Amino acid sequence: MGAESIQSGHVEKLRQDVEAAITEAANRLRGIETVAQQQLRNATTERQHLDVFLDDLEYRLHAVNTSGDLRMTSTGPLTEDQISAMHGQQEVLTKRKVELGIVGNELEQLSSRLSWLIHQIEGARQWVLASSDSEGDGSENGSERDGHPNTGDQVMWAQIALGQEAERARLAREIHDGPAQVLANTVLRLQLVEQLIRQNPKEVEPEISRVRAALQESLKDVRRFIFNLRPASLSDAGLIPTLRYYTQDFSEQFGIDLELNLPENLVLSANQELVVFRVIQEALQNVQKHAQANRIEVNVQQRPGGPLVVNITDDGIGFDPKAVRQSRTGSSGLVSMRERAATVGGTLKADSRVGTGTTITLTLPMPKAQ
């Protein structure tokens with residue numbers, strides 16, 4: 001009896017040490033995450049300020065190039081040296097903006113991965129505590145008690161939540177760099193048009209044409225964002241027309257040769273159709289960001305009464321899956337796709353080697369209710 005008591009005390013002490021170590025690691029990572037997020041906010045703020053300065057410079061330089069009469073400022077006419085200095089300042093600020101964009105993307109990815117890792121560590125802590133509780137209440141595995149979900153479910157939903165936050169951040173960045181920037185430039189160009197009406201009416205029509213063209217391109221971007229958030233055609237027309245539209249738009253937007261092979265019809269549930277579309281969407285975005293590919297092939301196959309198999313293959317630089325799993329670098333997209341597939345009973349596999357491209361394979365079972 002005494003030996004059992006001593007052994008139980010040792011086990012409890014070990015559990016407490018493990019919990020303390022996990023808590024300390026999570027707290028240290030939270031500190032790093034806080035620093036990364038603060039640096040990301042600083043980079044974003046500086047980039048927004050640069051946008052304002054660059055818009056003003058572009059407006060002033062465009063005004064100078066359009067008409068010599070517009071060289072006048074509140075302090076007098078602009079000299080050639082001043083105009084040259086403005087061009088130099090524009091070049092420096094543009095370079096800095098590009099650098100901040102790269103740093104911002106890296107910080108955003110680092111922050112996202114840290115959040116994912118913290119959730120994993122918290123899941124491990126809960127698993128340790130759940131193991132302790134399960135022995136005390138006679139539960140076999142302690143996976144679910146008092147209506148609380150098991151740790152695996154908590155980790156999965158945490159990853160889904162992180163994926164949603166990453167998608168919101170990506171969309172906010174694209175709106176800022178796309179439509180928001182176009183609208184800011186449009187305001188400045190309209191101010192220029194006001195001056196041209198008074199000083200050089202012949203230049204008004206060409207400038208308005210340029211404004212119209214920029215707004216039309218921005219409108220295309222906005223419609224693309226809306227489609228990516230929730231393609232209405234998925235519910236109205238179905239998966240096949242939606243994939244044809246999306247892949248064609250993707251190919252035209254990024255200049256990547258894309259071949260899409262589809263069957264005449266598919267037997268899938270609404271949730272499965274959404275998962276197929278999102279996995280293909282995520283896979284293509286990963287190719288565009290990381291693979292440096294010239295060609296992509298998307299094959300969708302479903303035999304009568306059999307599972308659906310989707311293969312997305314590119315001729316890019318490839319990667320080492322083992323190294324990616326160990327480092328977690330670049331793995332968040334694969335994790336997101338695997339979790340999406342799992343929500344409808346599917347599986348996802350990534351086959352790749354450095355220098356030989358990548359193939360993503362999604363397999364979904366037949367829907368239970370056809």
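Tutor: Two strands pair if DSSP finds at least two bridges between them. Keep that in mind as we look at this predicted model.

Student: What makes β4 and strand β5 a pair?

Tutor: The cut-off is at least two bridges. Here 7 bridges join β4 to β5 (residues 308–314), so the two strands pair, and they run antiparallel. Valine 300, for instance, stands opposite valine 310 in β5.

Student: How many residues lie between β4 and β5 in their hairpin?

Tutor: There are 5 residues between them, and in that turn glycine 305 has a positive phi of about 75°.

Student: Now to helix α3. Why is threonine 186 called buried?

Tutor: Buried means under 20% relative accessible area. Threonine 186 has 9%, so it is buried. This residue is found in helix α3 (residues 151–199). Leaving aside neighbours within four places in sequence, threonine 186 is in contact with Val211 and Leu215.

Student: Why does leucine 171 get the label buried?

Tutor: Leucine 171, which lies in helix α3, has a relative accessible area of 15%; that is under 20%, so leucine 171 is buried. Its C-alpha atom is separated by 7.5 Å from that of phenylalanine 225, 54 residues apart along the chain.

Key. Residues are numbered from 1 along each chain as its sequence is written. This is a predicted model: local features need pLDDT of at least 70, side-chain atom pairs count only at pLDDT 80 or more; totals for chains, interfaces and linings use all residues. Side-chain values use heavy atoms; hydrogens and water are left out. Helices (H or I, at least four residues) and strands (E, at least two) are DSSP runs, numbered from the N terminus. Buried means under 20% relative accessible area, exposed over 50%, partly exposed in between (1.4 Å probe, protein chains only). Contact means heavy atoms within 4.5 Å.
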